[in-house]
Amino acid sequence: MKHSSINILALETSCDETAASVVIGKNSSALPKFSIISSVVKSQIEMHKKMGGVVPEVAARAHLQQVMPVTQKALVDAKLKLGKIDYLAVTTGPGLIGSLIVGTEFFKGLSYATGIKMIPTNHMEGHLYSAFGGGIDLKKIKFPLISLVVSGGHTMIVLMKDLYNYKVLGNTVDDAAGEAFDKVAKLMKLPYPGGPQISKLALDGKATINFPRPMLNSKNYDFSFSGLKTAVRYYLDENSKTSKADIARSFEDAAIDVLVQKTMRAAKEFKAKTIALGGGVAANRKLRDTLAEESKNNKLQFTIPPFNLCTDNGAMIGIAAYFRLLKGFKPVNYKKVKADSNWEIN
Ligand code: KG4
Ligand code: ZN
């Protein structure tokens, strides 16, 4: 790396958002610091709403139309020419394979044409590192840190020893947290994506139904949400007159209860000094507030992404790529880059 700062152009196309961003970071792992210079997100939600969920083939075609203008806008907003970019970071997994291929191959083409080296980046690592994107002073983050990463495809508790080392302690064994919100919303005939709909409805509801808290007391940090979803289905079948708001609130409380209690248990076991949150479900107000309160009660530092870094975006990919670099990752030739829909972090 030649300069004292590193200009990263990042692209994210793993699911239903085409997103690009310019992130500039200091070239020093002793003094890590970065800024998000631009962040452009083109959502496909309106398109997928009609089908009640993401249709992979439709998503891939929409990415194909959007990658170029979204990437250009990220550069224009950053007032940077492509020639000033040091590295091209792109989400190569996990996600929908057709969508991943569009972003990955587009950036490989850019890399071939410009000679700029690439940083293949993991989508979940993006969500994990997004917790540091709200302007927190990186040098003031206390470790160990426990992060709850909750998206439409994953539910993970992650232990971070420092900014560069992490270990996944637990995962979901079936549905992810966001997926549970989406499926329950569908059962309640609410539009896609269900998470924001359920949380809005829940604001007017009371927790009158005691839905199960799956795996709350299991001796590991894994989650399971399909049983909770099924409990809501049976309840809806048998109680057509109960207020929808009360059902939404009771479901949300059950899901958040398990997420928060297991996170705090991990924090205790690993003597964490900080709690972090990331992923689309981190946009949930109740989850943010509950985890903030628990952190405060336990005298722990708390860091979460601003709302625009919770659901999929390019900035989180730029941030994760920045930390990959500082960790010692050597950017690669485009020929070495390949989309991998099953790329799991551990
Ligand atoms: O991280 P993300 O944008 O995409 C994936 O990587 O999956 O997460 C999307 C998920 C969806 O399941 C959506 O329903 C959920 O995040 N979500 C929410 C809220 N906003 C988005 N879930 C609960 N409450 C919200 N406010
Ligand atoms: Zn995501």
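I started with Phe181 and Phe251, and both are buried (under 20% relative accessible area; exposed is over 50%, partly exposed lies in between, with a 1.4 Å probe and protein chains only). This is a predicted model, where local features need pLDDT of at least 70 and side-chain atom pairs count only at pLDDT 80 or more, while totals for chains, interfaces and linings use all residues. Residues are numbered from 1 along each chain as its sequence is written, chains are lettered from A and ligands numbered from 1 in the order in which they are written, and side-chain values use heavy atoms, with hydrogens and water left out.

**Helix 5 against helix 8**

I looked up how the two helices run: their axes come within 11 Å and cross at roughly 170 degrees (axes are lines fitted to C-alpha atoms, for helices over the stretch in contact, with angles from 0 to 180 degrees between N-to-C directions). That makes helix 5 roughly antiparallel to helix 8 (over 145 degrees; under 35 is roughly parallel, 65 to 115 roughly perpendicular, the rest oblique). For helices I use DSSP runs of H or I with at least four residues, for strands runs of E with at least two, numbered from the N terminus. Ala177, Ala180, Phe181 and Val184 of helix 5 make the contact with Phe251, Glu252, Ala255 and Leu259 of helix 8 (contact is heavy atoms within 4.5 Å).

I also checked Asp253, which is in helix 8 and counts as buried at 16% relative accessibility. Beyond its neighbours within four places in sequence, Asp253 touches Ala207, Arg213 and Lys286.

**Aromatic pairs**

I find 13 aromatic pairs in the structure (rings of Phe, Tyr and Trp, the latter by its six-membered ring, with centres within 6.5 Å; planes under 30 degrees apart are stacked, over 60 edge-to-face, the rest tilted). Tyr112 and Tyr334 are an edge-to-face pair, 5.5 Å centre to centre with 70 degrees between the planes. Tyr112 is in helix 3 (residues 97-114) and Tyr334 in the segment after helix 10, 222 residues apart. Tyr112 is exposed at 61%, whereas Tyr334 is partly exposed at 21%.

Back to Phe181 and Phe251: their centres are 5.0 Å apart and their planes at 75 degrees, so this pair is edge-to-face. I also noted one aromatic cluster, formed by Phe34, Tyr129, Phe132, Tyr164, Tyr322 and Phe323.

**Charges over rings**

The charged end of Lys262 sits over the ring of Phe223, 5.7 Å from its centre (NZ of Lys or CZ of Arg within 6 Å of the ring centre and within 35 degrees of the ring normal). Arg324 lies over the face of Phe329, at 4.2 Å from the ring centre.

**Zinc**

Which residues coordinate the zinc ion (ligand 2)? I get His123 (NE2), His127 (NE2) and Asp312 (OD), at 2.0 to 2.1 Å (donors are N, O and S atoms within 2.8 Å of the metal, 3.2 Å for Na, K and Ca; water is not among the atoms, so sites may look incomplete). The donor spacing in sequence is H-x3-H-x184-D. His127 and Asp312 are both buried.

Most residues other than glycine have a negative phi, and most peptide bonds are trans. I noted a cis peptide bond between Phe143 and Pro144, with omega about 0 degrees. Tyr192 and Pro193 are also joined by a cis bond, with omega about -10 degrees. Lys271 has a positive phi near 50 degrees and is exposed at 65%.
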